[in-house]
Amino acid sequence: MTVEERLKTRLKKVPGVTEAELHDWVAESVAESGFTEEENPNAVLYLALAIAYETIAGDAARYFSYVDGEESVDKSMVFANYMKLAAGARKQYRGYLRGRGASQTHLRRADETKRVSDCDEDIGTP
């Protein structure tokens with residue numbers, strides 16, 4: 001499955017996305033990342049996805065909230081939601097850029113009662 005097909009699968013329920021836009025987003029991703037689809041397909045995919053979400057968010061920025069008596073329409077959060085998706089896709093891209101697909105988190109030791117930054121505050125207290 002090509003990057004463009006994978007991108008199409010991810011965005012198939014987003015109204016108004018065209019084949020030309022999918023192609024353009026993948027091409028922009030290849031140009032920006034410096035990777036080809038063969039070298040690092042996941043990095044190209046996630047960067048293309050981030051570019052797609054940012055573009056869709058830009059289109060949705062004009063949405064509004066409207067209240068008239070008992071009727072209300074609120075599409076004002078569409079921009080923010082797409083930007084959150086874009087941020088997540090960029091995070092995934094950075095993971096693949098470093099050569100890893102998964103990110104790592106480390107928990108502190110269970111026997112530690114204070115964070116390292118908390119210890120700095122205790123300096124100077126008797």
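The model is predicted, so local features need pLDDT of at least 70 and side-chain atom pairs count only at pLDDT 80 or more, while totals for chains, interfaces and linings use all residues. Residues are numbered from 1 along each chain as its sequence is written, and side-chain values use heavy atoms, with hydrogens and water left out.

The chain contains five helices and two strands, where helices (H or I, at least four residues) and strands (E, at least two) are DSSP runs numbered from the N terminus. Along the sequence their order is α-α-α-β-β-α-α. Of the 126 residues, 24% are buried; buried means under 20% relative accessible area, exposed over 50%, and partly exposed in between, with a 1.4 Å probe and protein chains only. The accessible surface of the chain is about 9100 Å², and 53% of this surface belongs to carbon and sulfur atoms. Accessible areas come from the Shrake-Rupley method with a 1.4 Å probe; for residues, only the protein chains shown count as cover. Among contacts (heavy atoms within 4.5 Å) between residues at least 6 apart in sequence, 49% join residues at least 24 apart.

Two packed helices are described by the angle between their axes and the distance between the axes. Axes are lines fitted to C-alpha atoms, for helices over the stretch in contact, and angles run from 0 to 180 degrees between N-to-C directions. Angles under 35 degrees count as roughly parallel, over 145 as roughly antiparallel, 65 to 115 as roughly perpendicular and the rest as oblique. A crossing is left-handed if the near helix is turned anticlockwise from the far one by less than a right angle, and right-handed if clockwise.

Helix α1 (residues 3–10) and helix α3 (residues 41–60) have axes that come within 10 Å and cross at roughly 40°. The two helices are therefore oblique to each other, and the crossing of α1 and α3 is right-handed. In this contact, Val-3, Arg-6, Leu-7 and Arg-10 of α1 meet residues of α3 including Pro-41, Asn-42 and Val-44. The contact of α1 with α3 consists of eight nonpolar, one polar and two charged residues. Here Ala, Val, Leu, Ile, Met, Phe, Trp, Tyr, Cys and Pro count as nonpolar, Asp, Glu, Lys and Arg as charged, and the others, Gly among them, as polar.

The axes of α2 and α3 come within 8 Å and cross at roughly 120°, which makes α2 oblique to α3. The crossing of α2 and α3 is right-handed. Residues in this contact include Trp-25, Val-26 and Val-30 of α2, together with Val-44, Leu-47 and Ile-51 of α3. By class, the contact of α2 with α3 has 10 nonpolar, three polar and two charged residues.

For α3 and helix α4 (residues 78–97), the axes come within 8 Å and cross at roughly 165°. These helices are therefore roughly antiparallel to each other, and α3 passes α4 in a left-handed crossing. The contact of α3 with α4 has 19 nonpolar, three polar and two charged residues.

Two asparagines were also examined. Asn-40 lies in the loop between α2 (19–33) and α3 and counts as buried at 14% relative accessibility. Apart from residues up to four places away in sequence, Asn-40 touches Phe-35 and Tyr-96. Asn-42, in helix α3, is partly exposed, with a relative accessible area of 22%. Leaving aside neighbours within four places in sequence, Asn-42 is in contact with Arg-6 and Tyr-96. The C-alpha atoms of Asn-42 and Tyr-93 are separated by 7.5 Å, although these residues are 51 residues apart along the chain.
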